[in-house]
Every structure is written in C-alpha cells, then in structure tokens.
Amino acid sequence: MTDILCKTTDLKVTFPHRLGDFTAVHGFDMEVRRGEIVGLIGESGAGKSTIGNAIMGLLSHPGQVSGGRIELEGQNLLDLSDAALARLRGRKIGTIFQDPMTSLNPLMTVGEQLAESIALLQDKPMAQARNMAAERLDAVGIPDAINRMNQYPHEFSGGMRQRVVIALAMAGDPDLLIADEPTTALDVSVQKQVLDLIRSICIERSLGVILVTHDMGVIAETADRVYVMRHGKLVETGPTEQVIHKPSQKYTRDLIASIPSIECCEERFRNPVKRTGEIDQWLLAGHKDQSTDDYVTASALTKDFAIRKKTFWGTSGSFQAVDIPGLSIARGEVLGLVGESGSGKSTLGRMMIGLVQPSSGSIHYSDHGPLAEVRSRAARKALRRDVQVVFQDPYSSLNSRMRVDHILAEPIRFHGLGERAEIPRLVGALLERVGLPPDAGRKFPHQFSGGQRQRICIARALSVRPRFLLCDEPTSALDVSIQAEMLALLMELRRSLGLTLLFVSHDLAVVRQVSDRVAVMKQGKIVECRDAEHLFETPENDYTRMLLDTAPRASGHKEAINLRSAT
Amino acid sequence: MLERIRSDFWYELLNSPVTLASAIVIALMVIGCSFAPVFAPHTPFDPATISILDNNLPPAWADGGDPRFLFGTDLQGRDVLSAMLYGGRISLLVGIGAVALSVVIGMTVGLLAGYFGGMTDAVLMRIAEIQFAFPPILIALLFNGILKASLPADIFAQAAVPIMILAIGLAGWVQFARIVRASAMVQRNQDYVTACHAMGLPTLTIILRHITPNIVGPVLVLAMLQIAVAIVTEATLSFLGLGTPLTEPSLGALIQIGSQYLFSGIWWVVIFPGAMLLVMVVAFNLVADWVRDYLNPRLR
C-alpha cells in the first residue's frame, strides 16, 4: 500500500505567448500511492486540470512541460517518445472526463465502444472482448448489462453514462486513474453513487486515483489526501481530515470558510452588513410597498412542451414540464426553489416573471393584476420594470458587443427613469452599488471575470428599480469564494431595498443560506414547500430527505463510505 | 472584441505574409481603379485622345513596344492598362454593390426568419430555397433579359451598371439569409436576449441593437467571398455580351473583346485583363479565409 505509483517533482507547465509566457504550474510536487485517492482542489485557473493533462501528455496546444519530472513506476514520462506515451495511455493511465455527454461517441453502441477499447488495449479477439465488456459494465453497476450493451449513449442517463465512461477508462486495466471533475455535470443524488464507485474500484484493484475537482464536499467524501492549489502553486497538502479540519494556511481556511453550510444558516448571509449608497433613494423612488398581501400568486399552473415524436406529418406529443396547484411569494420574502436538473424549476421561475407563457393556469401580481390581463403597452412596461431576472451564465447573459455603461443605460432610458444628462452618473452609482469601480462602464463585458460579470448582471436588473427578482442559479457558475460574495451582495440588496426574491438553485446549501421558505421540485411537481428551517431540519418528504442525505458535505460522511466499500 | 482587434489584429495580419500581400493587392486595385482617371496614363474611351496609328502595339518591353503603352494597345489603339483600370472600376463597383444589396436583403430575411421562427421562418425560407434552386447566373440572365426587353435601348445602356448590381445582388441574397438565420436562432436563445425581454425592450430594438452586432462576423466573411463570386459573375455576363456595353467595358467585356484576337498573336489584349481578374478574385478569397480564421479563435 505504500509504494509510490506516480510522482511529480518540481513540475512546471508553460503556455508560451507572444506577450510573455504564461506559467500555469510553478514547480509542483505530488505523490500518488497505490490504493489511495489523491484530491487536487483549487478554484478555476489554479492549474489543477493542467497537472492531470500533463501527466497524460495531453496538454492543449501550445502548452508544454518546461521543467521537472513526472514519474510513473519510477520511469520519467517526459523522456518517452510520443508513440511510447500513447501506448501508456489506457494501459497504464486511465481518464474520466467531466462531461459524460461528450466523452462517448454518440454513433456507436456502448458495448461496441467498450469492446473496441478492450480488444485494442489488451490484444484480445473481438468476441472475447465483447464478453469482457459485458462483465465490465456489470462491474460498474449497470443493470442488465448484456442487453444495455446494444444501446447508444443517449439512451443512458447522466449517471449511467458516467459509469460507462469509468468502465471505458478501466478497459486497459490501468494503474493510475485521473478523474477530472467526474461528477460536476451530475445531479447530487447521482454524484454520490459515482464517487462511491470510483472509491470501490480504487480499493478493489489498488489503483492510484487523482481526483481533480473544485468541490470541497467531493474531496471530503472521497479523497484520502488532498493537495490545495492556487495560481499554479501548492498551498497546502496533507490527509483530507487534517486539511479540512485543521487547515494551516490562510487560503485553505478562507476557502473552507466560504463554503456555505447545509447544516445551518450562517449569520453573514442572514444578517448582512447593511450598506447604503446615494443610489438607494433612486432605487426606492416611486415605490410604495404598503400592502402586506402576497407579491405574486400562481394557481393551477402547468407548462407543456411539444416533443418530437416522428409521425409522417411532423411532430406531435407533449411533455409536462411543470404542474403545480399553486404557489405564492410574500412581499419581501425569499423563496428558494430546489430541484435536480429537468425538474422544471427554471421553467416555473420564468413563468412566475412572465417570460414563459403557461399552458394553463394563472399568475396574479398584487400590483398589476392577473398576468393574462396585462395587455396594454403601458401596463406591460410597468410590469417589466417591476420584475427582473439574474441568470446563471454570466458569459451569455451580457451582450458581448456592448459596453457596460450602454448595457446599463439602455433600460434606464427606455423606461424613462432618468434625465439624459444624469444617466452616466446613475450608471456609475449602480456599478458602485454592486461593488464595481464606477468607471467599469467604459469596458466591455469580456474584460471582467465571471464574478464581476455577475455583478454587472445584478446592476442591470436593478437599473429599472425592480421589486421582484428571479435569480436563476445565480452562483452555480462561480467559484466558492466568489459565490459567497455574490450571495452576501444579493442578501444585502434584498435587505436594503426590500426586494422579493425567487431563488432557483440545485445547490441545497446555497438555498439554505438565503431562503425564508423553500419549495422542492421533482418532475414538474412541488413535493414539499415549507419554511426553510423546518424543511432542512425535519424534512417530511422522502425525496427531500434523499436530496439532503446525498448532498456532499465538507465534513462527516467519509467514514460511512469507507465502511461500505470495504465490505 | 474591440480589445482583441486592437492588440491582435495587426499581429495576426503581419504574421500571415500571404494575407498581407493579398490585402495590399486589394488596396492597390481599389485605389488604382477608384481613381482611374488620375492614375490611368490615357483616357481609353475618348475618341479624341486615341490614335488609330498606335493600334496593336505590343507591351512596352516587347519588340516594337512603345514606352507610352505599358501593356500595349488594342485594335483601335487604346491603352490596355488604362482600359483595365477603367474596367476594374466597373467590376469592383458591381461586385461590392451587388454584395451590399445581397447583404441587406439576406440579413433582413434571415433576421426575421431566425428571430420569429414558426410560420414566418417557414414561408421566408421556402422562398429562399426556391430561389436557391436556380443557378445565380441564370437569375441574373433572366433579370437582365427582362429589363433589356422592357427598357428602351439607350436607357438600358446607360443603366448597365445599376442593372448588373441589381441582377447579381438579387441572385446572391439566399446564402446571407441562411447564415444570418442560423446565427439569429442561436443568439435568440442566449440569456442576454432573454434579459432584454425581461426589460420589456421592443422587438426591433432587440433585433437591431442586440442581435445584429453579434452576427456580423460570419456575414463579413461570406461578404468577402461573395465579392469575388459577384465579380466573376459580372465578368461572365459581360463575356456573354449581356453585361456592360462596349463603350464602357468591364474586365469581363475586355476579356471578351480580347479573346477574339488571341489567335492572331495579339495576346496582350486578353492576358492582362484576365490576369487582373484572376489576381483580384484570388486576393479577395485569401483575405476572406484569413478573416474567418481570425474571427474563430479555435481554428488558430
């Protein structure tokens, strides 16, 4: 158990560029032993995936290893020719990529792909390889493997597909397995199963596993030892328990502290420090939130999507994405909407702000009346002003061809909320209010980081002085430390401006931090909707309980997995 | 985007000698042809300045050449170089004008079809497909023929260039409509467009201010390629005698005139205009290819 399988010494990776080389990894030392899972964690840009790729010899152009050694069983991989290295891939080193959608060939059956790899990597005749493929699929937990072999990747669910990818990575019986964000594209309930599988394979075959991830919860539940990286350098390393519970470096401490807890609601989000800007008066002008009735109420709401069913005359058939008897959001409340992918939570959110037309049912705003009766131009404009949205992807949600000040000025001008001469000042104040320098408006969106772009999106939503904000996974594309800042900003704005929020997310810990009330969705239906404290402490519905149990935590739970895979 | 142009545009351009050479050739041709009256050594189509005594002179460097006529003269004693510059002016005008017309029609149709989808899309794209089934040159021929038959001869001769622009432009819009439609369908579903809807912005503003700037990349590339195609189409029509009148010949018409004398040994009257057409078309194609690669960082 102690022999070292893979070792990097003073590894340097450089991406040459005409304006000066970019060093992605500065002298990195790592050891992987047989039968252990080594976690490599860091925020985006930390260089963690680059290390995985360097070991495989698959650095993307024009990256190159510019120093140090990578040893596999004592042999320096950097001395090998490309052909020799290619022979090692699959046979000695297996890989699992993030997205199971794109890492399988959609035109080949699953069995065919696996059998081909086995035949090639182990020099077996095709017939024998097919039999082995069935055994392998069975071993990674695919039920009815013999029959499912003849299916194509799109006929498998995300989790099942990732199991196939794992079987594929194991096709050449490698000694080292590199898993690059293997569960990031999966739902929580599936994530746990895939991690358990990787763990049990590691122990059974005494493999060395390098688990690259940004998620501390995944590391805590799976890895034996962890390397924390930042800006291409090692920050801290040690046994997982020690790094998580007694981190010695400030960066690690901050990283762990910024992970929202699923167990309790933290003070920093509950009672954020109230900030005020001169812009707040402008933001609150013209609103009189006297009434205490619900801001918006939906009743008997459904949404059907047409799905393609091949008939001679075209398409037919439909799929019910949302079907709820009723949902209301009180004035000034934060309602969290949780569910796995495909549960209809985004569709429901967009219906609540009138961006998607419901198939049946009605939505009633206390300030504007029923949505179906908001017909006149003026009424529509007033509604659009009151109800705004912040999206998940900070890249596609800003027009990359427009300068930031133009992006913010357009809605102010369109809704006539400011004199032409004072708009530049308002735009600057809005940017300042969301924590950006007021002169940020002179730049284009791509000159900002993901977190800054999300702040611009929030500023844009605020620019029309809304009362109700739909936040559609606003932090899911961000690093944890940025995520915490963003949640704090949203909560502070909500408090200062008295906004009503509908917060859609798949991340239970995030929802717990921000929500007053939580609705859990499954297959288009709300299975449980109660105030946050009670729902998280004493879930009544089985599905809610399952979600809560499978969510990765930065502490606990690891022992349980160890026990299970040992048996 | 702008930032990238500022920092990378010149670097990428200077690192591609072929593209740089093509760009210089295009620039020289555009300047030389646009200001033909300034640069041309003679006024080839003014009977007062030409002398029949100078007819059929070979290029200046050949035996019997005259230093006044670099590329020699034709049967009527007209300077071939000057005729090329004047002819190139018409070819470029028709090429760029026709593509501009195609872009305007194609972008309008493509944006409407791609943005609204459904019935609008179905109707517009079926029309486009019917048009696409006819070869462009056939449409230009047809259009040209109808106008020739319906307009009096003198007006038709005067309006030759606008008619060519109209004929070739109307034949070429379908490709633009298709590419714009595909891009508009992608952009329509981006979150920034949804954010515009959430702001309540009017549809026209969304299409013109938000979607259009995001689809100009592919349109620009196609436009550069299509300029070359339009120039060739114009040359073909003129060669067939359907294009510009002989009193105001484009490059195609010059080649047609010259081709009659090719076998009598007067090769320079056809070879030089032909070479100019070839170089012009190749240069436009090379620059268009480079622009496509430049706008798509993944190909770099």
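Biologist: In E8(A), what is the bridge partner of Ile178(A)?

Modeller: A general point first. Strands of a sheet pair through backbone hydrogen bonds, either parallel or antiparallel. In this predicted model, Ile178(A) has Ile210(A) as its bridge partner in E8(A). That pair belongs to a parallel arrangement, in which strand E7 (residues 176-180) of chain A is joined to strand E8 (residues 208-213) of chain A by five bridges.

Biologist: In what order do the strands of the sheet in chain A lie?

Modeller: The order is E6-E7-E8-E3-E9-E10, six strands in an open sheet of chain A, with mixed pairing. At the edges are strand E6 (93-96) and strand E10 (233-239) of chain A, each of which pairs on one side only. On average, neighbouring strands of this sheet are turned by 15° against each other, direction ignored.

Biologist: Which strands does helix H1 of chain A lie across?

Modeller: Helix H1 (residues 48-56) of chain A lies across strand E3 (36-41), E6, E7, E8 and strand E9 (225-230) of chain A, and runs at about 145° to E7(A). Helix H6 (residues 158-169) of chain A also packs on the sheet, where it touches E6 and E7 of chain A. The direction of H6 makes about 170° with that of E6(A).

Biologist: Now the domains. Where are the bounds of domain 1 and domain 2 in chain A?

Modeller: Domain 1 covers 4-107 + 152-257, and domain 2 covers 296-312 + 323-357 + 370-550. Their C-alpha centres are 34 Å apart.

Biologist: How many residues of domain 1 of chain A are in contact with domain 2 of chain A?

Modeller: Nine residues of domain 1 of chain A are in contact with eight residues of domain 2 of chain A. On the domain 1 side, helix H7 (188-204) and helix H10 (250-257) of chain A each supply at least two residues. H7(A) gives the most to that side, with three residues. By class, the domain 1 side has two nonpolar, three polar and four charged residues.

Biologist: How many helices and strands does chain B have?

Modeller: Chain B has 13 helices and zero strands. Its C-alpha trace spans about 75 × 50 × 30 Å along the principal axes. Of its 300 residues, 41% count as buried. Among the contacts in chain B with a separation of 6 or more, 69% come from residues 24 or more positions apart.

Biologist: Last, the nonpolar core. Which residues touch the most other members of the largest one?

Modeller: In soluble globular proteins, nonpolar side chains tend to be buried together. The largest nonpolar core here has 232 residues, and Val209(A) and Phe503(A) touch the most other members. Helix H4 (residues 80-116) of chain B gives the most to this core, with 18 residues. Domain 1 and domain 2 of chain A each provide at least three residues.

Biologist: What does Phe503(A) touch?

Modeller: Not counting residues up to four places away in sequence, Phe503(A) touches several residues, including Val334(A), Leu335(A), Leu337(A), Cys471(A), Val511(A) and Val514(A). Gly336(A) and Ser515(A) are also touched by Phe503(A).

Methods: Residues numbered from 1 in each chain as written. Chains lettered and ligands numbered in written order. Predicted model: local features only at pLDDT ≥ 70, side-chain atom pairs only at ≥ 80, totals over all residues. Pairing = 2+ DSSP bridges. Helix = DSSP H or I, 4+ residues; strand = E, 2+ residues; numbered from the N terminus. Axes fitted to C-alpha atoms, helices over the stretch in contact; angles between N-to-C directions. Contact = placed C-beta atoms within 7 Å. Domains from an automatic or database assignment. Nonpolar A, V, L, I, M, F, W, Y, C, P; charged D, E, K, R; others polar. Buried ≥ 20, exposed ≤ 12 C-beta atoms within 10 Å, placed from the backbone. Core = buried A, V, L, I, M, F, W, Y, C linked by C-beta atoms within 7 Å.
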